[in-house]
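I opened my notebook for a friendly look at the pockets of this model. Here is what I looked up, in order.

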Amino acid sequence: MQQEDHPNGPARLRSGTLNSALLRNIEVLTERRHAEAAQAGLQERIADRITGFTGSMAFVYLHLVVFGFWITANLGWIPGVPQWDPSFVVLAMEASVEAIFLSTFVLISQNRMMTAADRRADLDLQINLLTEHEVTKLAGMVRAIAEKLDIAQAHDDEVREIERDVAPEAVLDVMDGKQEGQPG
């Protein structure tokens, strides 16, 4: 595959190397994600921004500076700076409150991401079921053509099995039965 350097990042594939339907799908999905992000409420966007910042090295460095200063000042190691929390009780309380809020922001962001992932999984399942149905119909047509041309494989049991539609509810029933029967 040929690649070219993209001014905004790593090398990107040239559009000529990808199927036009694939390029259209990528564009549609990208636009959809942007639209969904734009529809997020103010509170969700704030939570995502906070989560994004708290998951960065800048956040780590900020904490190293603030906590480092707090600890060294309250140990009395910085001349001229009075000790305001020599037992570090206030520092512990602030860190605990921060942890509570940060974990809440992370959960809010994870819930949004999980909802989006569930929607994509549902879409994937629907496409897979449609594809399975189409392949089943095509297998029947190919077998009919093979019978008409008197090809021996047309009567193969595996070929006939491929022609059977898969009932997703039956598959789930079998999977659930096996899971329930296994020791947990």
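I began with the second largest pocket: its lining counts 3 nonpolar, no polar and 5 charged residues (Ala, Val, Leu, Ile, Met, Phe, Trp, Tyr, Cys and Pro are nonpolar; Asp, Glu, Lys and Arg charged; the others, Gly among them, polar). I read its lining as Leu29, Arg32, Arg33, Glu36, Ala116, Arg119, Arg120 and Leu123. The elements giving two or more residues to it are α1 and α4. Its space is about 230 Å³.

I noted the terms. On a 1 Å grid over the protein atoms alone, a pocket is an open set of points where a 1.4 Å probe fits, with protein on both sides within 12 Å along at least five of seven lines; lining residues have an atom within 4 Å of a point. Volume is the space filled by probe spheres set on the points, which are joined across faces, edges and corners.

This is a predicted model, in which local features need pLDDT of at least 70 and side-chain atom pairs 80 or more, while totals for chains, interfaces and linings use all residues. Numbering runs from 1 along each chain as its sequence is written, and side-chain values use heavy atoms, without hydrogens and water.

Next I took the largest pocket, with a volume of about 380 Å³. Of its 15 lining residues, Glu36, Ala37, Arg112, Met113 and Ala116 lie nearest its centre. I found that α4 gives the largest share, 7 residues. By class, I logged 4 nonpolar, 3 polar and 8 charged residues.

Last, I checked confidence: pLDDT (the predictor's confidence in each residue, from 0 to 100) averages 87 over the chain.

Technical notes: Helices (H or I, at least four residues) and strands (E, at least two) are DSSP runs, numbered from the N terminus.
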